[in-house]
Amino acid sequence: MADVLVVAEVAQGRLRKTTLSAITFARQLASRIGGGFSVLVLGKGVSGPAQEAAAFGAKAVHVVDAPALEHYIASTWAAVVAEAATRVGADFVAATSSTFARDLLPRVAARMNAGMVSEVTAIVGDAPPLRFKRPMWAGNVIATVEVKTPKAVFSVRGAEFDAAAAAGGASPVQALAIPVTADPKVRYAGFAATISERPDLTEASVIVSGGRGLRDKQGFEGVLNPLADALHAAIGATRAVVDAGIAPNDLQIGQTGKVVAPNLYIGVALSGAIQHLAGMKNSKVIVAINKDPEAPIFSVADYGLVADAFKAVPELVEEIRKVRGA
Amino acid sequence: MKILVTAKRVTDPDAKIRLKPDGSGIETAGLEYKLNPFCENALEAAISLVEAHGGEAVAVTLGDDAAVQNLRTALAMGAARGIQVKVTDAELDSDLTARILARVFEAEKPDLFLLGKQAVDGDSNQVGQLVAEVLGLPQACFASKIQVTDGKVLVTREVDGGLETLELTLPAVITADLRLNQPRLPKLPDILKAKRKEVKTLTPADLGVEATRKVETVSYEAPPQRAGGVRVKTVQELVEKLKNEAKVL
Ligand SMILES: Cc1cc2nc3c(=O)[nH]c(=O)nc-3n(C[C@H](O)[C@H](O)[C@H](O)COP(=O)(O)OP(=O)(O)OC[C@H]3O[C@@H](n4cnc5c(N)ncnc54)[C@H](O)[C@@H]3O)c2cc1C
Ligand SMILES: Nc1ncnc2c1ncn2[C@@H]1O[C@H](COP(=O)(O)O)[C@@H](O)[C@H]1O
């Protein structure tokens, strides 16, 4: 019987919450194929995240803990994931789409001789042939695709699969004895982390996002920081802002950046280009503040305010403090 | 050094894409086609590396005869010659694309294979990684900086949480992100010169690749449209609506 293997993502010694979306996908897929799902945790010193992963009803949490896995290297990790899938009898491998999953999973698919579907937003139908929905053309088209191979690999849109809730009880945590050979052709040469005390964009329930209309770093931070503070929000940005060096790459929302769907998205001084909309138009409530009444962002906004951001946002912060204080 | 680099033809990234009424595909009438923006970044990187280190950049496209136009743009940017592998988009999936490109790599034996991180029509973000695995090569995807020093390449990658740096032994596969560089615009003399550059046309069969797919598109549909919202006149009205109507404050 076919099983689903979820590749967990670990950051700073913790299970990334985004992993829980792939678990939801795996539960759905497993129930349709009449199989089960398990979770794979890889790295060096990952017993903590492995324990965290045990709370979601998986048949097992498999762990490969090895010094050679201290840093993520695609070629090294893909070999381990594909071998783990074989060992645990999983024909399907899934992870929540992130730069980690996007980098890793195609290599896993090639090793498994499996078809891969990127950015899955839904599973279609209850019986074989299994079909999946995925966006194309910056989300302007939704395609339904069918995997022709017996095995398959999926990157899953976190914005479309809710985080799994704890299932009660704990899955057995088991070490998998897979020998790890570090790829000698790759040397990890460092990481410059974006330091932020704010919530992660892909996990935040409120996002305030700024565009080129905020002009420079001073304008961007001066306008958005107080608003983000008042709402305990994550900060996002358009490509124009990131290209200009005003915000780090990590904050880019859109077709080629992060895809988000918070409860509340406030777009400030950004036009709403199709590539940006591709990353945020599934947010539950969208607010747009732009001085141009014709800006395309207004066509997807639930609430639009035509105003100068430098004037309107400080007022908004004041008003929010008032209602929050009351 | 010798660099293999992709030149994929895509629909204009800024065009409004609409479905045909019968849902069999997108409406192509009046649609413009361009080089995939990420391939432009890969080409710019390839050409400037050749300018700095010598050698040649060879551009490859998998596509029908119309794609040769876009291959010519790559030649006008500065690639020395082009390879067209003649297939239609409908015949390809990511896996087949990668297996064909891997054979082209084996035939050309470059030091570096530069691709875009993603094709802006299919938005799959798979081919570079697949090619690397098929060829057993190291990869650095989503590159925002590339430095070549004897036999090695140092690549800065845009990843969640910051910027990562990897050092790869050549030959290697790199996929370009948008901040890697500012692609050059070919000048008229270069466009004219590009018309005379060699373009070789091959078929998947010439390369010994079996043209099978692992993933097939069954149908297309339009995404759900958001109902147009309301305009508020003041910040006070906005906050009132967010609190009492949307209940998000
Ligand atoms: C291949 C490709 C991929 C891309 N990927 C992405 C992506 O992932 N994410 C992304 O965001 N973009 C992406 N882009 C870029 C996208 O096409 C747009 O260029 C970009 O989103 C525009 O950013 P912006 O809205 O900040 O700037 P602009 O389009 O310049 O808009 C600025 C807005 O600010 C308003 N404004 C100015 N001053 C004020 C003020 N004082 N108060 C209020 N409003 C003001 C203006 O009216 C205007 O609407 C991509 C482009 C390409 C070609
Ligand atoms: N038909 C093609 N011809 C040439 N290169 C391609 C083709 N399809 C994909 N690629 C390359 O693979 C990259 C990733 O594409 P994708 O995985 O389809 O998003 C693109 O940016 C191109 O560099």
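Mentor: Buried area is the accessible area, taken with a 1.4 Å probe, that two parts lose on being put together, summed over both. The model under discussion is predicted.

Trainee: What area is buried between chain A and chain B?

Mentor: In this predicted model, 86 residues of chain A are in contact with 73 residues of chain B. Carbon and sulfur atoms give 54% of the area buried between the chains, and the total is about 6,900 Å².

Trainee: Which residues of chain A lose the most area to chain B?

Mentor: Three residues are to be named, and together they account for 12% of what the chain A side buries. They are A:Arg107, A:Trp137 and A:Tyr303.

Trainee: Which residue of chain A forms a salt bridge with B:Glu216?

Mentor: The count between chain A and chain B is 10 salt bridges. The cut-off for such a bridge is 4 Å. For B:Glu216, the closest N and O atoms are 3.8 Å apart, and the partner is A:Lys148.

Trainee: Which strand gives the largest share of the side of chain A that touches chain B?

Mentor: That side divides into 43 nonpolar, 20 polar and 23 charged residues. The largest share, eight residues, comes from residues 186–193 of chain A, which form strand E13.

Key:
Residues are numbered from 1 along each chain as its sequence is written. Chains are lettered from A and ligands numbered from 1 in the order in which they are written. This is a predicted model: local features need pLDDT of at least 70, side-chain atom pairs count only at pLDDT 80 or more; totals for chains, interfaces and linings use all residues. Side-chain values use heavy atoms; hydrogens and water are left out. Contact means heavy atoms within 4.5 Å. A salt bridge is a side-chain nitrogen of Lys or Arg within 4 Å of a carboxyl oxygen of Asp or Glu. Helices (H or I, at least four residues) and strands (E, at least two) are DSSP runs, numbered from the N terminus. Ala, Val, Leu, Ile, Met, Phe, Trp, Tyr, Cys and Pro count as nonpolar, Asp, Glu, Lys and Arg as charged, and the others, Gly among them, as polar.
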